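Subject: Structure for you to look at, with notes on helix packing, cavities and backbone

Dear colleague,

I am handing over the structure below, and I would be grateful if you could read my notes beside it. Please keep in mind throughout that this is a predicted model.

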Amino acid sequence: MNGMPVIHIELKANSIDIHDAKNQIQRYLRHGIFSKGIFSLVQFFVAMNPNEMSYFAHPGSKPINPKFVFHWADEKNNIVSDWRKIAEDFLSIPMAHKMVGFFTVADRGDNILKVMRSYQYYAADGISHRYYEEEKKNEVYVDNYRKGGFVWHTTGSGKTMTSFKAAQLIASSGKVDKVVFLVDRIELGTQSHTAYNNMSLVDDSVDTVDSTAELIAKLKDKGTGSNGLIVTSIQKMSRIKEGGTISLPDLEKLQKKEIVFIIDECHRSVFGDMLQDIRNNFPKATYFGFTGTPITETNKKVGATTSDIFGDTIHIYTLAEAIRDKNVLGFQIDRVSTFQEQELRQQVAMRAADAKDEKDLIEDKKKKDVFDEVMALPMGESVNGEGKIIKGIESFIPDAQYKQEKHRNIVVKNILDDFPKLTHPFGTEKQFHAIFATSSIEDAIAYWDLFQKEIDKRRQGNPNYEALKITALFDPSIDNSDGDQDINHSKLDKTQWVDKIHAKYNEDFGLSLQRDSDFKRDIAERLSHKENYRGIDKDRSKQLDILIVVDQMLTGFDSQWVNALFLDKMLQYEGLIQAFSRTNRLLDDDKDFGRIRYYRKPFTMDNRVAEAVKLYTNGHSAGIFADKLEKNLFDLNEILKKIVNIFAAAGIEDFSKVPPAEEDKNKFIKEMSQLMSVIRLATVQGYRLEKQDYTFKDDGEARGVHIGLTKTLYEVLLLRLKEALAGTISDPITRPEESPLESIDGQLNINSLKIDLDYIESRFKVFLKAVQDKDPEDHQESLLNEIHGHYCLLSREQQAAADYLLAKIKSGEIVVQGNETLENLLEKYLKDQKEEQIDQFVEITGVDKKQLVDFINSSVTDGNLNAYGRFDSLKKTIDKEKVMKFMRECAVGVSVSPVIAQIRFSRLLEDFIRKGPVSIELVRLWARKLMERKQQ
């Protein structure tokens, strides 16, 4: 652009994966190519081969985040892969310049540059075009106001950034007086204003208001451009009307202004009087809406749809497409019946037939006919294609059925029993939070009380029981008790219960909060790990486990750390999708699905889930839900077969070492990544490593599934995986810039893995006695062979050390004293070996030993290698003369300049840290390979 490099395109041949192009860009970034000089002007990168392309914004000093690497798609969200189409639609001029100039955002909140996804571009650009088209026509007044249209982008797809960019494009044109972003809740207004200000170019260029009077003053102000943006609530805006908070002359002046309203979550609060008041008082304004769940003919409110209110859709991006693109997660759904199905069916049928007992049915044919008709009904209520309700057994179950202690106790115990496996991913240290939605405030109170009693009971039975921290949030001024007050909790009114709940929350977290608003703010920040609660994932004592709600927090509230929703409440259509979407925000690979579990009329809820998903995915629901346990176990066995075949093809039948071929090693890493993902999901569904046989039953037919993976084999495979991962960085020439298993690092908790070495230790004791007793040579050899036969339980490093120690013990060079174990001998030997390797490295380089050891003992990644300049600080401690001498000795037949030697040694030092201490011989080999590379 005008001679400035703004987009860097890394091209690869058809046979090369674009991951290699991204790795190469990462390598350039690490070496500072794009952080200084003219190339620091590059705004985003494109990695592509002839059949695939991805793009991402300049990550600055941070590593490339996979979450912000996107594919380009057309307006219907079909991914564009062919290079010709990419060149024509995305990299052509002026499109490429538009992406740089108008559709990148410097987010000061996250301190990163962001480039918009394709669907965000189509929506923001579409709103801008729609406005100017309608403004030119000057004849778009429908129902006495100007309909701009609405954007249907699923919840969690980045609507805030899209709406900001649309507002900015319109406001910066200078053709409008004000752009007003309307929200329907105060906390969303604060959240939106903060996000908008973070994305704006100038501090405080986006206005927010605390009162209607201040809003009127801002609207009267002549500020345009970026200062023409206002964030406020629909409630404040609706008060600006004749006879209200403004004089008629002032209102008439405002009515002459060119105002654009952008309304967030436009499926809510826009079908009542407030929006009607705004439209009546600002008839010249243009109205745009944003929603993830529009109101359609299927679920229309007061006879109107979102299209009726706002006009045609500008762009659509559905839940199914967001899950496909990995912008949000799918759902793992469990139905829990708290009543026995057949018994419930018979009771409903008997009541419908007005029959006292079976004798009554036999004697009265009419009653028997009614009974048979009801018994033949499906369990769940549903809606057919014409919108007609099809009754099921659950249609006849009164709400009182679900207020029984029997039902509530089952729910409470089920949640407490399964909370760990639903919210604590297998093989990780992470702990997520859950929301429990109830049908009324009375239910919320009753459940909170039952949880506390059940937890106290469990603690009495087990002093080590880890009590969950549970609270409730609701507005006690609202009466939604459906006229059926819970007898057990009528002694205290709702305000008193709120005080009791707040007191427990203060006690749990050592607080002294008093106001309801303070509690709500603290709960929201604690669940989302924001403000004072950043980093609490590492502090269990500060974590809230379950939040009980009625309606609050089920829409609009976003937290990457909420992964489960329990429901004792009926939801439908937009309310259902909005509530489910509290659980499916991306975090990392430890969070794979949003977990949903419902208890009230569960078969009806099954149907409602299917109906809502069909409506809000345009009928394309593939990939929305996690596979069932039987399918996951089948996949587990198939992946295990592939892993077994990899080792067998390499001639390694006992899994004692990693296949040596790089291709086989990479295949193993890939299959282990998939195996661990399947195990994690299956564990939530009831799978256990200790159990190998499972039975499934449908329509009376039982099927057995046998799992070939044992706990011991899994532990062995994890050890081989650790070695394979280490192997990817053992050679500084071939090591990729990003570990190919970066995506499963969070799942890999091998350091805490307890490997059972009892058998090896027992054989070791027998071997020691045979050596001390000077048993025949063949007997000693046979004992050694037995130990070797179980080497798969040792790491490759331990295997090599064990070979050395056992040979020395057998020859008498090492004498084992007392009850010394092989494990202790190995630990001492390897510790001494590493110390010696570090000393040798320090000797030839002069690097500071303490800093080097601290580095080796830390967990080094691309992102933290030079955190706070620590790697630069370490490099300053090296003895340049020693390093130059060492590198020249290794560079046989190659001329070495001091500059090249320093650059190559920096890479060598990094590998020594990442790999951990290695022999000086291997260091020399690394150095030789580095110096033999073309010096460029």
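Helix 26 (residues 777-788) and helix 27 (residues 796-811) cross at roughly 165°, and their axes come within 12 Å. Since angles over 145 degrees count as roughly antiparallel, helix 26 and helix 27 are therefore roughly antiparallel to each other. The crossing of these two helices, helix 26 and helix 27, is right-handed. On the side of helix 26 the contact involves Glu777, Gln780, Glu781, Leu784, Ile787 and His788, which meet Asp803, Leu806 and Lys810 of helix 27. Sorted by class, the contact of helix 26 with helix 27 has four charged, three nonpolar and two polar residues.

Helix 27 also packs with helix 28, at an angle of about 105° and with the axes 10 Å apart, so that helix 27 and helix 28 are roughly perpendicular to each other. Here Glu797, Gln798, Ala801, Ala802, Tyr804, Leu805 and Ile809 of helix 27 meet Leu825, Leu826, Tyr829, Leu830 and Lys834 of helix 28. The residues of this contact of helix 27 with helix 28 divide into nine nonpolar, two charged and one polar.

Helix 28 (residues 822-845) packs in turn with helix 32 (residues 898-915), at an angle of about 165° and with the axes 13 Å apart, which means that helix 28 is roughly antiparallel to helix 32. Helix 28 passes helix 32 in a left-handed crossing, and the contact is made by Gln837, Ile838, Phe841 and Thr845 of helix 28 together with Phe905, Leu909 and Phe912 of helix 32. There are five nonpolar and two polar residues in the contact of helix 28 with helix 32, and no charged ones.

Turning to the cavities, the count comes to four of 30 Å³ or more. The largest cavity holds about 70 Å³ of space, and its lining consists of Ser337, Thr338, Phe339, Glu341, Leu344, Met379, Glu394, Tyr402, Tyr599, Pro602 and Phe603. Helix 13 (341-352) and helix 21 (602-616) each supply at least two residues of the lining of the largest cavity, and by class this lining of the largest cavity has seven nonpolar, two polar and two charged residues.

The second largest cavity has a volume of about 50 Å³. It is lined by 11 residues, of which Pro425, Asn563, Asp590, Asp592 and Arg595 are the closest to its centre. The elements that give two or more residues to the lining of the second largest cavity are strand 21 (593-598) and helix 23 (662-684). By class, the lining of the second largest cavity divides into five nonpolar, five charged and one polar residue.

Two places in the backbone remain to be mentioned. Most residues other than glycine have a negative phi, and most peptide bonds are trans. The peptide bond that joins Ile93 and Pro94 is cis, with omega at about 20°, and Pro94 has its place in the loop between helix 2 (83-89) and helix 3 (95-101). Asp354, although it is not a glycine, has a positive phi of about 55°, and Asp354 is found in the loop between helix 13 and helix 14 (358-363).

With best regards

Methods:
Residues numbered from 1 in each chain as written. Predicted model: local features only at pLDDT ≥ 70, side-chain atom pairs only at ≥ 80, totals over all residues. Heavy atoms only, no water. Axes fitted to C-alpha atoms, helices over the stretch in contact; angles between N-to-C directions. Helix = DSSP H or I, 4+ residues; strand = E, 2+ residues; numbered from the N terminus. Parallel < 35°, antiparallel > 145°, perpendicular 65-115°, else oblique. Left-handed = near helix turned anticlockwise from the far one by under 90°. Contact = heavy atoms within 4.5 Å. Nonpolar A, V, L, I, M, F, W, Y, C, P; charged D, E, K, R; others polar. 1 Å grid on protein atoms, 1.4 Å probe; cavity = no way out; pocket = protein on both sides within 12 Å on 5 of 7 lines; lining within 4 Å. Points joined across faces, edges and corners; volume = space filled by probe spheres on them.
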